[in-house]
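Reader: Could you take me through the reading of aromatic ring pairs in a protein model, beginning with the general idea and then turning to the case at hand?

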Amino acid sequence: MLIGSYSGRLSPKRRTAVPKKFLEELGNTFIIAKWYERCLVIVGKSLWEALLERVSPKGLAVTGPVRDTDRFILGSAFEVSSDGQGRIVIPAGLASYANLSEKIVFLGLRDRVELWDEEVWIKRETEIASHAAELIEKLAQKND
């Protein structure tokens with residue numbers, strides 16, 4: 001399971017080392033794509049289809065929202081392979097979309113990894129923490 005938070009560095013040529021714990025789960029070749037809230041998603045090839053099914057189920061009619069979700073995620077996806085030291089190169093368009101600077105954060109979220117610019121993540125994390133109890137209450141109400 002992909003869990004935890006790890007800090008990383010992005011070189012001027014957009015190269016970074018994926019945390020070893022994540023590589024053990026992802027394998028050496030995985031998918032990286034645009035994700036929501038201006039971060040990137042990294043998913044092992046074996047879990048890619050399952051993730052897509054959650055955000056754009058196959059049985060849905062091909063309406064505007066479905067097409068746009070496909071365009072947003074699939075249209076930005078790249079298959080990347082890590083080198084012997086666990087490093088990858090983030091495609092330029094993806095690095096630009098996520099506004100990645102030198103300091104980045106990898107977040108393990110069960111079946112996927114989100115990749116954030118550190119400054120953007122700190123702001124988002126602070127926002128989430130400020131109303132975490134409210135979020136839990138909403139989720140609990142849905143399960144009742």
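Predicted model: local features only at pLDDT ≥ 70, side-chain atom pairs only at ≥ 80, totals over all residues.

Reader: How many aromatic pairs does the structure hold?

Author: In general, two rings count as a pair if their centres lie within 6.5 Å, and the angle between the planes then gives the type, with over 60 degrees read as edge-to-face. By that reading the structure holds five aromatic pairs. One of them joins Y6 and F22, whose rings are edge-to-face, with 5.0 Å from centre to centre and 85 degrees between the planes.

Reader: Where in the chain do Y6 and F22 lie?

Author: Y6 belongs to strand β1 (residues 2-9) and F22 to helix α1 (residues 20-26), so that the pair links distant parts of the chain, 16 residues apart.

Reader: Is F22 buried or exposed?

Author: Buried means under 20% relative accessible area, and F22, at 1% relative accessibility, therefore counts as buried.

Reader: What kind of pair do Y36 and F72 form?

Author: Y36 and F72 form a tilted pair, with 35 degrees between the planes and 5.6 Å from centre to centre. Because Y36 lies in the loop between β3 (29-34) and β4 (40-44), while F72 lies in helix α3 (residues 64-73), the pair ties together parts that are 36 residues apart in sequence. Y36 is partly exposed, at a relative accessible area of 33%, and F72 is partly exposed too, at 24%.

Reader: Which residues do ring pairs link into a cluster?

Author: The cluster linked by ring pairs consists of W35, Y36, F72 and Y97.

Definitions and conventions:
Residues numbered from 1 in each chain as written. Heavy atoms only, no water. Phe/Tyr/Trp six-rings, centres within 6.5 Å; stacked < 30°, edge-to-face > 60°. Helix = DSSP H or I, 4+ residues; strand = E, 2+ residues; numbered from the N terminus. Buried < 20%, exposed > 50% of the residue type's maximum accessible area, 1.4 Å probe, protein only.
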